[in-house]
Amino acid sequence: MSNATHNLGNKIAVVTGFPRCGSSLVMRMLKAGGVDLYYDFDGSFETNDSLLLPDETDWLDKCEGKAVKILEPMENPLPRNREYVFLFIRRDPKEQAKSQVKLLQAMGSVFPNKRQAIKKITKSLERDYPKVDTFLKHYPSNRIAYVDFK
């Protein structure tokens with residue numbers, strides 16, 4: 001057990017990125033470090049509430065002073081009237097694409113050309129990472145910490 005204190009106040013720590021970026025690992029590390037988390041599912045540390053964004057945001061009151069995982073931040077935008085600390089998880093796009101395809105195959109998806117699927121997802125991630133970075137920088141009163149997995 002850690003003696004460390006974590007004072008987010010009313011800020012919300014948002015662990016964000018794209019699927020298979022390492023966000024669950026970061027959430028696990030935050031929990032081990034004594035940070036309170038808001039989530040519904042052990043293992044993935046995700047909450048169904050994030051799927052309600054941007055239309056329903058009252059649930060964010062329960063996230064103040066905690067960390068919450070919200071993937072695809074442009075698809076699930078947070079209201080701009082709160083204070084956030086963003087932990088933007090970035091992973092090598094090709095490795096992330098391989099991981100996404102592997103997971104999708106395990107879930108029953110079929111890729112006639114696996115190499116082409118990985119290439120397409122890689123290009124999408126390479127295009128979208130800078131867009132998300134710009135998107136997050138436009139939130140007032142926020143901080144962004146970058147976590148790069150190599």
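This is a predicted model: local features need pLDDT of at least 70, side-chain atom pairs count only at pLDDT 80 or more; totals for chains, interfaces and linings use all residues.

Biologist: Among contacts in the chain between residues at least 6 apart in sequence, what share joins residues at least 24 apart?

Modeller: That share is 71%.

Biologist: How do you know that the radius of gyration agrees with that of a compact globule?

Modeller: A compact globule of 150 residues would have a radius of gyration near 15 Å, and the chain has 16 Å, so the two agree. Along the principal axes, the C-alpha trace spans about 50 × 35 × 30 Å. The accessible surface comes to about 9000 Å², with 50% of that belonging to carbon and sulfur atoms.

Biologist: What secondary structure does the chain have, and in which pattern along the sequence?

Modeller: There are 3 helices and 5 strands, and they follow one another as β-α-β-β-β-α-α-β.

Biologist: What is the order of the strands in the open sheet?

Modeller: The order is 2-3-1-4-5, and the pairing is parallel.

Biologist: Why are strand 2 and strand 5 said to stand at the edges?

Modeller: Each of them has a single partner strand, so one side of strand 2 and one side of strand 5 are left without a neighbour in the sheet. Helix 1 packs on this sheet, touching strand 1, strand 2, strand 3, strand 4 and strand 5. The direction of helix 1 makes about 165 degrees with that of strand 3.

Biologist: What makes strand 2 and strand 3 a pair?

Modeller: Pairing requires at least two bridges. Strand 2 and strand 3 are joined by 2 bridges and run parallel, which meets the cut-off because two is the number required. Leu 37, for instance, has Ala 67 in strand 3 as its bridge partner.

Biologist: How many bridges join strand 4 to strand 1, and how many join strand 4 to strand 5?

Modeller: Strand 1 and strand 4 run parallel and share 5 bridges; Thr 16 has Phe 88 of strand 4 as its partner. Strand 4 and strand 5, residues 142-149, also run parallel and are joined by 8 bridges. There, Phe 86 is partnered by Ile 144.

Biologist: Why is strand 4 called mostly covered?

Modeller: A residue is buried if its relative accessible area is under 20%, and 6 of the 8 residues of strand 4 are buried. For the chain as a whole, 39% of the 150 residues count as buried.

Biologist: Which residues touch the most other members of the largest nonpolar core?

Modeller: The core holds 39 residues, and those with the most contacts to other members are Val 14, Trp 59, Leu 60, Val 68, Leu 78 and Tyr 84. At least two residues of the core come from each of strand 1, helix 1, strand 2, strand 3, strand 4, helix 2 and helix 3. Helix 3 gives the largest share, 8 residues.

Biologist: What does Leu 60 touch, not counting residues up to four places away in sequence?

Modeller: Leu 60 touches Ile 12, Leu 53, Leu 78, Pro 79, Arg 82 and Tyr 84.

Biologist: Is Asn 81 buried or exposed, and how do you know?

Modeller: The term exposed applies over 50%. Asn 81 has a relative accessible area of 67%, and is therefore exposed. Asn 81 lies in the loop between strand 3 and strand 4. Its C-alpha is 8.1 Å from that of Pro 140, although the two residues are 59 apart in sequence.

Terms used: Residues are numbered from 1 along each chain as its sequence is written. Side-chain values use heavy atoms; hydrogens and water are left out. A nonpolar core is a set of buried Ala, Val, Leu, Ile, Met, Phe, Trp, Tyr and Cys residues joined through side-chain atoms within 4.5 Å. Buried means under 20% relative accessible area, exposed over 50%, partly exposed in between (1.4 Å probe, protein chains only). Helices (H or I, at least four residues) and strands (E, at least two) are DSSP runs, numbered from the N terminus. Contact means heavy atoms within 4.5 Å. The radius of gyration is taken over C-alpha atoms; the globule rule is 2.2 Å times the number of residues to the power 0.38. Accessible areas come from the Shrake-Rupley method with a 1.4 Å probe; for residues, only the protein chains shown count as cover. Axes are lines fitted to C-alpha atoms, for helices over the stretch in contact, and angles run from 0 to 180 degrees between N-to-C directions.
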